[in-house]
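Work through the exercises below with the sequence and coordinates at hand. Each task is followed by a stepwise solution.

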Amino acid sequence: MKDLNYGLEMIGVKNMWKHSFLGEGVVVAVIDSGAEKEHPAIHSNIIGGFNFTNDDGGEENKYIDYIGHGTHVAGIIAGYDRDLKKIIGVAPLAKLLILKIIDKDGQATIDNACKAIEYALNWRGENGEKVNVMNMSFGTNKDNEHLKSLIKETYSENVIMVASSGNYGDGNALTNELLYPAYYKEVIEVGAVKQNFEIYDYSNSNDEIDFVAPGYKILSSYLNETYVKLSGTSMAAPHVSGAMALLINKFQKEDKEINYKSFYSYLRKDAKKLNYPITLQGHGLIQFKNSKI
């Protein structure tokens with residue numbers, strides 16, 4: 001790998017890492033297209049998984065990623081190639097629960113998305129681990145009552161939900177492009193920004209955008225044990241999910257209450273304001289500033 005994910009520098013993760021906040025003990029559910037379990041950047045981080053699609057005969061334990069999307073997202077959250085000693089993820093010691101809802105044709109259903117959220121909410125690891133964060137780099141343009149009720153239930157259980165805003169933006173901050181679950185107020189909706197702090201051309205705009213994060217030509221893990229650069233709000237959301245894992249470590253050490261509102265307030269306080277309307281950037285680019293612990 002010639003260059004690492006510039007997004008790590010952009011959001012200031014080293015200001016958390018130096019205090020040993022690396023996501024240890026935190027479980028992030030990656031609701032996506034599965035993952036390449038053998039990839040050196042993520043295989044040590046995967047704690048389990050489930051296949052909700054019809055791929056591989058619907059076999060539950062085969063959450064194989066055939067399109068690379070989920071593998072890339074997982075790497076942004078917690079990628080750490082121990083052989084190369086290269087960190088590509090925001091929270092390199094976090095654990096990943098891989099929940100596959102996107103099949104080899106790139107298709108997903110709301111029903112399977114709901115099943116995955118419910119599964120993540122009820123999942124328990126061998127040592128009693130629970131899901132702390134859900135990353136949802138997918139969406140539908142149709143509001144759904146069952147999905148909405150599950151989102152509210154998950155919120156009430158203090159599980160932090162992060163979702164990509166979508167890549168249907170037209171560059172006009174006055175037009176609304178809506179995707180669910182991102183648009184629900186209980187979910188942190190993330191748009192994408194480029195390395196030069198410009199909003200990604202196709203990042204959705206609407207009145208529920210919460211933050212933006214790096215999402216343009218992001219280097220991460222991919223199929224066949226490779227690394228590639230991909231762009232989109234799907235790449236921005238996992239930066240925030242990884243950031244949540246670091247914040248959980250910080251709040252635990254400081255004996256602070258862990259919930260959506262406290263995390264949201266922390267991110268909002270330090271977010272970098274960009275020269276864009278709130279419908280495109282929300283409260284701005286997430287940042288970890290160099291503060292004392």
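Predicted model: local features only at pLDDT ≥ 70, side-chain atom pairs only at ≥ 80, totals over all residues.

Residues are numbered from 1 along each chain as its sequence is written, and side-chain values use heavy atoms, without hydrogens and water.

**Exercise 1.** Determine which strands pair with β5, and in which sense.

Step 1. Strands are DSSP runs of E with at least two residues, and helices are runs of H or I with at least four, numbered from the N terminus. Two strands pair if DSSP finds at least two bridges between them.

Step 2. Strand β1 (residues 27-32) pairs with β5 in the parallel sense, over six bridges. Here valine 28 has leucine 96 as its bridge partner.

Step 3. Strand β2 (residues 46-51) is also parallel to β5 (residues 95-100), with five bridges. Isoleucine 46 has leucine 96 as its partner in β5, and glycine 49 stands opposite isoleucine 98.

**Exercise 2.** Decide whether β2 and β5 are mostly buried or exposed.

Step 1. Buried means under 20% relative accessible area, exposed over 50%, and partly exposed in between (1.4 Å probe, protein chains only).

Step 2. In β2, five of the six residues are buried.

Step 3. β5 is largely enclosed by the rest of the structure, because five of its six residues are buried.

**Exercise 3.** Describe the hairpin of β10 and β11.

Step 1. Strands β10 (residues 218-222) and β11 (residues 226-230) run antiparallel and are joined by five bridges. Leucine 219 has lysine 229 as its bridge partner in β11.

Step 2. Three residues lie between the strands, and asparagine 224 takes a positive phi near 60 degrees.

**Exercise 4.** Characterise histidine 239 and arginine 268 by element and by accessibility.

Step 1. Histidine 239 belongs to helix α6 (residues 233-253). Its relative accessibility is 0%, so histidine 239 counts as buried.

Step 2. The C-alpha atom of histidine 239 is separated by 8.9 Å from that of isoleucine 286, 47 residues apart along the chain.

Step 3. Arginine 268 belongs to helix α7 (residues 260-270). With a relative accessible area of 46%, arginine 268 is partly exposed.
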